[in-house]
Amino acid sequence: MAASVSVASSTTNLLDRRLLSSPPCRTTSAYKNILIKPYQQQCFLINSSNKKSPRSLAPMVVNSSRKLMNVDHQHDRYLEDDKPREECGVVGIYGDPEASRLCYLALHALQHRGQEGAGMVSVHNNVLNSATGIGLVSDVFNESNLDKLPGDMAIGHVRYSTAAGSSSMLKNVQPFVTSSKFGSFAVAHNGNFVNYQLLRAELEQKGSIFSTTSDTEVVLHLIAKSKARSFVLRILEACEKLQGAYSMVFVTEDGKLVAVRDPFGFRPLVMGRRNNGAIVFASETCALDLVDATYEREVHPGEMALVDDINKQPQSMYLLRPHIPEPKSCIFEHIYFAQPNSIVFGKSVYESRHAFGEILATESPVEGCDAVIAVPDSGVVAALGYATKSGVPYQQGLIRSHYVGRTFIEPSQKIRDFGVKLKLSPVKAVLEGKTVVVVDDSIVRGTTSSKIVRLLKEAGAKEVHMRIASPPIIASCYYGIDTPNAEELISNRMNVEEIRKFIGADSLAFLPSDSFRRLLGSDHTNFCYACFTGKYPLYPSAAMEESIDDTMKSTIGQLGALKLPL
């Protein structure tokens, strides 16, 4: 689909009141069932004509695609794949005459982080030029619209969303561009603000009008409203109000590039440099590799890095969150999301996954195994680790098709496991009469795993032993990953033996949590394990403006601090 090209437009009324985080609290029985999907964050929107009447409260939900909907009508479609989904990837480039083309290549390298839409903003002669579209990076950008993105600095974004309908999706494709009395600027964001619904409700009560359903739009309002003199200080002021996961890149019409990472460091953000001195920020180092940029370091948790005409070298400022004792980076980046050739949180993703496989081979061996195979592509490196440690040969027992589109016309005569067969083809020469170990990165609902086991046995495998290179997933994510609700997570309602029977495997083993943490050594406390434990480093915020009465504050506090049922 062709991209839309536009120039910055004006913003709306804004608010600069700082919101406070509320501590976790017990949920009263009256509200225990209101969180229908644990990854959806609850909010009561206040009717301005009758603020203090409970009858005027409309229960709303913000789902992982960040779209407001009525609680009574929340029938989200299932994920197309039985995997969690990373929602975004970001890129920022400063000081290269071909910034937009380099940004295009970097976004292509980050395509695995989002396939629903892509966008880019460049700066030229104090004008922000934007191109966004639905689809893959190669669908959105071409020579024609890249020619309309001149300048030596650019930011870009790839996005995944569950929002239905291309028209609403296009509005949410980033980077977002806006204008204020301080000038035009743009932002691209990876992550999720856990207090987004409260910030938005407060802003809307003050007259702000939102044009998208993305939490990122809140950042534009907060920055444009700030009275601080410099753009950097306005970002700092906005970030002090934000709670949750964010790795963001900004550009301004006067030639500033700013990269920001939240104090917990949930989502990755790295910095590199090209031979000509150009600075590159990206979600992963694989994007740096493609544009010939040398990896220098991470953007640290809580850091803001500024590059402009005055500061050719990135100048760092740190966000003020002294109560946070240590970072909580997302461990799933190393399990599933990131590319194996990336360095994420200072560690090689390939080496991590290989080590996960080695642990599985040591702690959950299979006697008489003939071959180790992987569920491609994310299970391949862990399978290689398992094979290396066990001494059993790695074989390509499943072939993945990389040409599967969004929809297919299925024959009227139903084909069992049609979706899996489109994507994965068994190799009978590897499987017939063999005992095989199948390594995958995770099990979410278990539906795909059961189809894979059946596919392998139908292809002639004598025994199929599943080995999962992560602990069981029992809880949903609030920090920028699209996961099902707790009731759909098979490990939240079944033990390992029950899951084994459900998927039809001859044996099943997960990566033990203790071994997992021993592998990480002294760094193990720097990671977030909420999806495995249900213990969140940061709960959805539940504070609203002071004009709401104490009773309403109590109600919202209970909703905002709901925990997962484990």
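**Figure 1. A salt bridge joins E363 and R518.** In this predicted model, the side chains of E363 and R518 meet in a salt bridge, with 3.9 Å from N to O. E363 belongs to helix α10, while R518 belongs to helix α17 (residues 513–520), so the pair ties together parts that lie 155 residues apart in sequence. How accessible is E363? E363 is partly exposed, with a relative accessible area of 40%. R518 is exposed, at 59%.

**Figure 2. D147 pairs with R101.** Side chains of opposite charge can pair when their charged atoms come close. Here D147 forms a salt bridge with R101, and the closest N and O atoms are 2.9 Å apart. The pair links distant parts of the chain. D147 sits in helix α3 (residues 143–147), and R101 sits in helix α1 (residues 99–109). The two are 46 residues apart. D147 counts as exposed because its relative accessibility is 51% and the cut-off for exposed is over 50%. R101, at 25%, counts as partly exposed.

**Figure 3. E326 and K328 form another salt bridge.** The N to O distance between these two side chains is 3.3 Å. K328 has 18% relative accessibility. Buried means under 20%, so K328 counts as buried.

Figure 4. Which residues are linked here? The network holds R113, R267, E284 and E333. A search of the whole structure finds 18 salt bridges.

**Figure 5. N126 is an exposed loop residue.** N126 lies in the loop between strands β7 (117–124) and β8 (127–134). The relative accessible area of N126 is 54%, so this residue is exposed. Which residues does N126 touch, leaving out those up to four places away in sequence? N126 touches E253 and D254. Now look at S184. N126 and S184 are 58 residues apart in sequence. In space, their C-alpha atoms are 8.7 Å apart.

**Figure 6. N485 is a buried loop residue.** N485 is also found in a loop, between strand β27 (481–482) and helix α15 (490–493). The relative accessible area of N485 is 7%, so this residue is buried. What does the side chain of N485 meet? One of its polar atoms lies 3.1 Å from the backbone nitrogen of E487. The side chain of N485 also joins the side chain of E488 in a polar contact of 3.0 Å.

**Figure 7. Helix α11 has buried residues with cover from several elements.** Helix α11 spans residues 380–390. Which of its residues are buried? They are V381, A382, A383, G385, Y386 and A387. Just after α11 comes G391, which takes a positive phi of about 80 degrees.

Figure 8. The chain has 566 residues, and buried residues make up 59% of them. Its secondary structure comes to 19 helices and 29 strands. How many contacts join residues at least 24 apart? Among contacts between residues at least 6 apart in sequence, the share is 71%. The chain exposes about 22,600 Å². Carbon and sulfur atoms supply 50% of that area.

Note on methods:
Residues numbered from 1 in each chain as written. Predicted model: local features only at pLDDT ≥ 70, side-chain atom pairs only at ≥ 80, totals over all residues. Heavy atoms only, no water. Buried < 20%, exposed > 50% of the residue type's maximum accessible area, 1.4 Å probe, protein only. Helix = DSSP H or I, 4+ residues; strand = E, 2+ residues; numbered from the N terminus. Contact = heavy atoms within 4.5 Å. Areas by Shrake-Rupley, 256 points an atom, 1.4 Å probe, with all protein chains shown as cover. Polar contact = N/O pair within 3.5 Å; in protein donor to acceptor, adjacent residues only side chain to side chain. Salt bridge = Lys/Arg side-chain N within 4 Å of Asp/Glu carboxyl O.
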